[in-house]
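Here is a short briefing on the structure shown below.

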Amino acid sequence: MSAMSSNWDRRSILRAAAGLSAAGALTACGGNNGRSGGAGSGVNLTQYFHAYGEAGTEQAIKKYAKAYAKANVTTQWITSADFESKLFATLLTKNAPDLFEFHPQIQMIKSGQVADLTDIIEPVKADFNPADIKSHTVDGKIYGVRMIDDPQFFFYRKSMLEKAKVEVPTTLDELMEAAAKLTTGKVKGLYMGDDLHSVISPMIWSAGADTLNEKNEIAYHTDGVVEGIKKMRKLFTSGDLLLGAPTASWDPSSLNQGLCAIQFCGMWAMPAIQAALGDDWGVFPFPKTIDSGKPSVYNGGWSMFVNAKSENIEAAKEYVKWLWIDQKQYQEEWATSFGFHIPPRASLAQSATKLKSGNAAEGVKLFNEFGHFDNIGWTQAMITALEDVFANSVRQNMDPEAALDKADTAVNRELKKLFG
Amino acid sequence: MSTTNTRDLARPAPAKASPAKPRRGLRGSPTFNFWLFTGPFLIGLAIFVYAPILWSLWLSFFEARFTVTPDKFVGFDNYTYMLTNDDFVGSLGTFTAFAAFIVPTTWALSLGLALLVNRLRFMRAFFRSVFFLPTACSYVAASLIWKMSIFSGVRFGLMNTVLDWFGIDNIAWLVDPNPPWYWVVIVSARLWLQSGFYMILFIAALQNIPGELYEAAAIDGAKPGWQTFRYITLPQLRATSTAVVLLLLVAAYQAFDEFFNLLSKTTWGRPPLVELYYKALGESQDYGAGSAGAVILTVLICAVTLLQGKFMGFGRGEESK
């Protein structure tokens, strides 16, 4: 009898396990694609946003959507770590969003995934930052509407630097020294994220190089960059970097909670830092990687795109035009009421009083003086290739030349597919 | 006597009904019943398992970037690309090292737990549940707990706090790959998640071993403990052990969740599925190359499983016992 019951146990457990996994798979298939329950106006639109960290952002985006009368706009708010992969994967399916925010990348245009938005931008083109128009233009057509510009730089605790008698670093060597001097038992000198991804491009620009040149050829493989990678490796192994922190580097919590003295972050974090640290903070650009280089700032940001395969392209375009071109009040609120972002439109940037004083004004100055905008030809696969270089040569001990050669292969494969 | 009665009562209808009805309606047809019961499952299997496998086989011969309906046939290019791709081949190596360690370790740990729990005289159900519970925990949730609280790199992470008592410096467990502490994190998470389930399988098998065998062995002079375990228990568990090793091996091949969550954005410690994910589904969207890799991996899994079955006699287990 005991034998029988244990047999039964085993089988039922296996069966239950199989049942559970099947049920799991089924529920995973369901999901909310945002197309259900469309009442009222008839047209249903779905938009994808990555999860902004600041309180109130999700409500704001949903508020704007609700205020639009001509269509039902549903928002999917996606964890930022999963955003690219989820977006890229769903764009291939019927569940793809009708409109989404992303960065300008040419492969989406070459593969016909994003719609031409020239006609809605053209009338107000002059009001946009020319660099933002340029970064969204391919063969004279404009493919996305910039919502916000987000310069990224270092934030530091003034009091900690004063106490350690450290000047604001102007070269990568000085930054390394500062990190060492600022590191104490409880505080690490510097935080740039665990994977160091956000400093890759600034490090390249500050070494006097670029990701791609004008002719869309590799421009990052220079002696200066190799030297920079070696310095980053030294920094990574120095014990002065904050590693394995609870929050990613886009979140200013590590700086705010005193885990580090300097953190690489973005303009958006300013209100949160101000609230936590008062006036005890300042900003500086990514310093010169090598002596012949120049400080740099990555002018990131987010733009709205319309899915070219959507059944409601026109409705989606109309919504983008309504919200991100016509509704200036919402645009200003979006840029300055939660995190700080620089409005890409001159008319708004001029009236954004919150960005006119203190560190915010300094951030705008760095944006104008040292900023590098997105290069539309620099695509995700290439970004990943350089991320691998950092993983291999900074976090691991691979020879930078070898790692860059490997990246060259990947980037050239991609360039060949895109530009022939 | 009473048992016979209940059995007769339990299923009287089919025994009498079928001969009484010469006209075999559709509902009586065994073929219909067969399809009725297996049909829905087979349809599901075909749509969700076989169709994607065939589709991916088809995709692997095309240049499929940013599309799953490609038209540019490239022959075996994707296969050449994947097989000469250091990352993919390296990930097969990573997997082999991982499997070679995790399979025997999980096997030993779950067998040990089963032996312990099986010998308990009281609170057996309690301990059985306690060890089984982690199985119900999601890999992602466990990874997050491991990453954020136990093996967090900052000074107040659990492990770093413990190390601090002994005056050892903080370790960035998951961030710095030299030395490769990340394996400690991954192996401990996986052992915690998996051992309980296989322990239950072993307990079931242990309870299936007839007591007479042990009695006979004792009469013949076998000492309790190692001798009995080595010559009675272990051979009796052969069928279950084979199944457990097979399941563990497949699970190791399919390792994804905890690697993906614990080692995001690294170039090391990537098992094949994570590598393929980044290749095909992640940001490069190269479905052709990804599918080619998936086919290579499938062929490998099949080959290893068949080989293992041949050596350990999977499927013959019940009779040979």
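In this predicted model, A:Tyr156 sits opposite A:Gly282, a residue of strand S9 of chain A. Tyr156 of chain A belongs to strand S6, residues 145-156. That strand is the place to begin reading chain A.

**Strand S6 of chain A and its partners**
- S6(A) and S9(A), residues 282-284, run antiparallel and are joined by three bridges.
- S6(A) also pairs with strand S8 of chain A, residues 260-266; five bridges join the two, again antiparallel.
- In that pairing, A:Phe153 faces A:Cys265 of S8(A).
- Seven bridges tie S6(A) to strand S10 of chain A, residues 297-306, and this pair is antiparallel too.
- Here A:Asp150 lies opposite A:Gly300 of S10(A).
- Why is S6(A) described as largely enclosed by the rest of the structure? Of its 12 residues, 12 are buried, so the strand is largely enclosed. The cut-off for buried is 20 or more other C-beta atoms within 10 Å of the residue's own.

**Chain A as a whole**
- Chain A holds 18 helices and 11 strands.
- Its C-alpha trace spans about 75 × 70 × 50 Å along the principal axes.
- The radius of gyration is 24 Å; a compact globule of 420 residues would be near 22 Å, so the two agree.
- Buried residues make up 46% of the 420 in chain A.
- Take the contacts in chain A with a separation of 6 or more: 74% link residues 24 or more positions apart.

**Contact between the chains**
- 35 residues of chain A are in contact with 30 residues of chain B.
- On the chain B side, helix H9 (residues 182-208) supplies the largest share, five residues.
- By type, that side of chain B has 14 nonpolar, 12 polar and four charged residues.
- For the complex, the predictor reports an ipTM of 0.72 and a pTM of 0.79.

**Confidence in chain B**
- Mean pLDDT for chain B is 83, with 88% of its residues at 70 or more.

Key:
Residues are numbered from 1 along each chain as its sequence is written. Chains are lettered from A and ligands numbered from 1 in the order in which they are written. This is a predicted model: local features need pLDDT of at least 70, side-chain atom pairs count only at pLDDT 80 or more; totals for chains, interfaces and linings use all residues. Two residues are in contact if their C-beta atoms, placed from the backbone, lie within 7 Å. Helices (H or I, at least four residues) and strands (E, at least two) are DSSP runs, numbered from the N terminus. Ala, Val, Leu, Ile, Met, Phe, Trp, Tyr, Cys and Pro count as nonpolar, Asp, Glu, Lys and Arg as charged, and the others, Gly among them, as polar. The radius of gyration is taken over C-alpha atoms; the globule rule is 2.2 Å times the number of residues to the power 0.38. Two strands pair if DSSP finds at least two bridges between them. pLDDT is the predictor's confidence in each residue, from 0 to 100.
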